[in-house]
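Here is a short note for someone opening this model for the first time. Please keep the structure in view while reading the points below.

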Amino acid sequence: MKAFENLELWWITGAQLLYGGDAVIAVDAHSKEMVDGLNNSGRLPIKVVYKGTANSSREVEDLMSAASNEKKCVGVITWMHTFSPAKMWIHGLQKLTKPLLHLHTQYNAEIPWDTMDMDFMNLNQSAHGDREFGHICARMRVRRKVVVGYWKDEKTQDRIAVWSRVAAGWADAQDMLILRFGDQMNNVAVTDGDKVEAEVRMGYHVDYCPVSKLMEYYKKVEDAEVKELMKEYFTLYAHDAALETEGTEGYKSVFEAAKAELALRAILKDTGAKGFTTNFDDLGTHDINDPKFVGFNQIPGLASQRLMAEGYGFGAEGDWKSAALYRTVWYMTQGLPTGCSFLEDYTLNFDGKNSSILQAHMLEVCPLIAEERPRLEVHFLGIGIRKAQTARLVFTSKPGNGVTATVVDLGNRFRLIVNDVECIKSKPLPKLPVASALWIPMPNFEIGAGAWILAGGTHHSCFSYDITPEYWEDYAEMAGIEMVHIDKDSTMASIKKDLQMGEVYYMLNKSLC
Ligand code: MN
């Protein structure tokens with residue numbers, strides 16, 4: 001199925017009857033042409049549905065109520081062709097629960113200096129009409145995105161496209177179940193937080209799922225299914241031929257990994273979960289020394305890598321916020337070319353101007369960011385309750401620019417921290433066989449890492465090559481959460497001011513806390 005194909009954006013044109021029925025008929029035709037133009041541009045990932053002109057308070061309210069109730073509708077685009085008196089938008093805006101994009105554009109591009117008359121003016125009034133609408137949104141503190149530009153310009157269309165993807169991700173998050181297999185890693189603060197408030201603010205529903213329940217699925221996995229999946233691995237990934245030899249240690253580890261993947265996928269499908277977390281201290285039903293022990297031989301790292309590539313959210317060590325945010329990143333970027341992953345700040349590389357941070361994890365890095373064909377390898381992993389030979393995909397990641405993000409709980413609010421990063425050429429790690437990326441955080445290693453730490457950011461983050469900071473600006477606006485953006489222009493002083501302003505802003509805006 002094509003991504004987003006069942007979703008819609010609703011376009012409502014603000015008008016009024018002051019200029020006569022003929023003017024409204026003409027505006028209606030212009031609006032249709034503009035919506036068709038956007039849809040035919042090939043630059044919007046979600047189809048725009050024209051919902052007509054709204055000429056009265058009642059019409060606005062009916063359309064906004066319908067948009068809020070229609071599951072397919074993930075956002076509303078408004079454009080005021082005329083001076084649509086904004087008191088008529090009050091009740092409708094009160095009813096609107098979907099993201100709003102206010103497009104400030106005009107049917108006509110350049111002023112026809114020699115021929116312009118009052119009839120032309122009656123049809124091209126958004127210069128003042130959109131300001132009247134902007135005022136009522138500001139007065140009512142309606143969270144929205146304002147896009148300014150000619151509707152035929154690619155730049156304008158691309159900004160609408162970004163918001164469309166975020167609106168789709170936002171809708172997806174409002175119906176998001178994250179399963180936690182086991183609890184948070186004991187004593188860890190930054191990946192924990194208020195799950196009730198996370199559901200209120202961002203939509204995530206986070207449930208505990210006993211590993212024993214997962215083991216019920218694990219027990220039911222048939223050997224034949226496992227062998228089928230192993231064939232897929234051996235086709236997709238580079239590997240030593242010895243892994244294919246039944247009876248060897250390597251074969252057994254790959255078999256275990258495939259069985260874990262099938263069990264995990266089955267329970268995620270059954271529950272409708274969109275993401276999950278694991279914990280290396282909770283892998284089975286009983287005492288691991290009991291001969292009747294049923295459980296994974298190690299954390300299901302290969303399964304997590306592959307399920308992430310399929311779009312399931314993943315967070316290691318019980319990190320449900322990263323699992324949810326990764327799912328949103330994957331969902332928003334469907335169809336874009338370069339990939340995304342959950343990552344951890346692993347170790348530092350002090351190298352002057354090229355100082356960088358190795359991004360990796362014990363096992364769980366998504367192969368969507370791999371530079372070359374991933375290699376399936378089996379190595380000993382000695383961390384966690386069970387120490388065993390464990391399968392994983394090993395690769396280094398593509399060079400290129402990207403954006404990484406995390407959400408932390410500050411007690412009175414959530415803070416989204418976003419950092420532009422430059423992935424540079426990484427090197428193989430023969431003695432540490434894990435997948436990795438290597439990046440320089442913007443504006444440089446010292447300020448990038450320093451600002452992230454000052455803002456209280458996690459060691460886990462959700463990275464994508466395909467998104468720009470504008471995605472996260474739109475997301476933070478929809479969620480009504482704080483965003484701290486560390487980019488090429490950031491200084492420690494500017495970030496410190498941002499953080500101080502955030503403290504004051506959220507102290508005063510109790511409705512956002
Ligand atoms: Mn970790």
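Predicted model: local features only at pLDDT ≥ 70, side-chain atom pairs only at ≥ 80, totals over all residues.

1. Strand E3 (73–80), helix H3 (90–95) and strand E5 (145–148) each supply at least two residues of the lining. So do helix H6 (154–173), helix H14 (469–479) and helix H15 (492–508).

2. The largest pocket has a volume of about 1,300 Å³. Its lining counts 43 residues. Closest to the centre are Arg143, Trp170, Glu477, Met478 and Gly480.

3. Which domains contribute to the lining of the largest pocket? Domain 1 (8–173) and domain 2 (177–512) each give at least three residues.

4. By residue class, the lining of the largest pocket holds 22 nonpolar residues, 15 charged and six polar.

5. Now turn to the manganese ion. Its protein donors are Glu317 (OE), Glu344 (OE), His361 (NE2) and His460 (NE2). Along the chain, the donors follow the spacing E-x26-E-x16-H-x98-H.

6. Glu317 is in the loop between strand E10 (313–315) and helix H12 (320–332), while Glu344 belongs to strand E11 (residues 340–349). The pair therefore ties together parts that are 27 residues apart in sequence.

7. Are these glutamates buried or exposed? Buried means under 20% relative accessible area. Glu317 has 9%, so it counts as buried. Glu344 has 14%, so Glu344 is buried too.

How values were computed. Residues numbered from 1 in each chain as written. Heavy atoms only, no water. 1 Å grid on protein atoms, 1.4 Å probe; cavity = no way out; pocket = protein on both sides within 12 Å on 5 of 7 lines; lining within 4 Å. Points joined across faces, edges and corners; volume = space filled by probe spheres on them. Helix = DSSP H or I, 4+ residues; strand = E, 2+ residues; numbered from the N terminus. Nonpolar A, V, L, I, M, F, W, Y, C, P; charged D, E, K, R; others polar. Domains from an automatic or database assignment. Donors = N, O, S within 2.8 Å, 3.2 Å for Na, K, Ca; no water. Buried < 20%, exposed > 50% of the residue type's maximum accessible area, 1.4 Å probe, protein only.
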